[in-house]
Amino acid sequence: MSNFLENKERITIGRKDRIDLPELLFENLLVKIDSGAYSCSIHCSSIELDLTDEPCINVIFLDPEHPKYNGVEHRFYNFKQKNVKSSTGEAQLRYFIQLKIKLFDNVFITDFSLTTRNNMRHPILLGRKILNRKFIIDTAKVNLSYNLKKARKK
């Protein structure tokens, strides 16, 4: 019985959706919901460590071919490095930053690993860390948050 009540408070999310990244001025970016991944990841066309003054990383998100690409370089002073097992099973040392995401009219703060996802269909993955205890995944559905957002604008 308590499991039912616990699940009732969670939001149902589909296998794909669209999110906003307000700090980066991106809206309606396509994401894949990936319960197999622990952390979230985002595609970057450029990731450079800058050690000149205060250590930071300079990042350009998405690819020039992506319709939302803007070529803006973002600088992050608050970052971490961790080893991550990639989708191919190899260990990679990646940078992590915290970003706000807007999903279902809620703003969440979560860690994103910065990576090149050239061969992937979705520039962003949302992993278990953000999904846990907040969402229930219904793989038969897509764009639940995005459709809610569109309906509220009418």
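This is a predicted model: local features need pLDDT of at least 70, side-chain atom pairs count only at pLDDT 80 or more; totals for chains, interfaces and linings use all residues.

Entry 1: I began at phenylalanine 79, which is partly exposed, with a relative accessible area of 22%. Next I asked how many aromatic pairs the structure holds. I found four aromatic pairs. In one of them, the ring centres of phenylalanine 79 and tyrosine 95 are 5.7 Å apart and the planes stand at 75 degrees, so I noted the pair as edge-to-face. This pair links distant parts of the chain. Phenylalanine 79 sits in the loop between strand 6 (73-76) and strand 7 (80-85), while tyrosine 95 belongs to strand 8 (residues 91-103), 16 residues apart. I also looked up tyrosine 95 for burial: its relative accessibility is 16%, so it counts as buried, the cut-off being under 20%.

**Entry 2: a cluster, and charges over rings.** I then went on through the other rings. Phe104, Phe108 and Phe135 make up one aromatic cluster. For charges, I found the charged end of lysine 82 over the ring of phenylalanine 96, at 4.5 Å from its centre. Arginine 18 likewise lies over the face of tyrosine 146, with 5.6 Å to the ring centre.

**Entry 3: valine 84.** I picked this residue from strand 7. Is valine 84 buried or exposed? I noted it as buried, with a relative accessible area of 15%. Setting aside neighbours within four places in sequence, I listed the contacts of valine 84 as Glu90, Ala91, Gln92, Arg94 and Phe96. I also checked valine 84 against aspartate 20: they are 64 residues apart along the chain, and their C-alpha atoms are separated by 25 Å.

**Entry 4: serine 46.** This one lies in strand 4 (residues 40-50). Serine 46 has 16% relative accessibility and counts as buried. Apart from neighbours within four places in sequence, serine 46 is in contact with Asn58, Val59 and Ile60.

**Entry 5: the cysteines.** How many disulfides did I count? The count came to zero.

Technical notes
Residues are numbered from 1 along each chain as its sequence is written. Side-chain values use heavy atoms; hydrogens and water are left out. Rings of Phe, Tyr and Trp (its six-membered ring) pair if their centres lie within 6.5 Å; planes under 30 degrees apart count as stacked, over 60 as edge-to-face and the rest as tilted. Helices (H or I, at least four residues) and strands (E, at least two) are DSSP runs, numbered from the N terminus. Buried means under 20% relative accessible area, exposed over 50%, partly exposed in between (1.4 Å probe, protein chains only). A charge sits over a ring if NZ of Lys or CZ of Arg is within 6 Å of the ring centre and within 35 degrees of the ring normal. Contact means heavy atoms within 4.5 Å. A disulfide is a pair of cysteine sulfur atoms within 2.5 Å.
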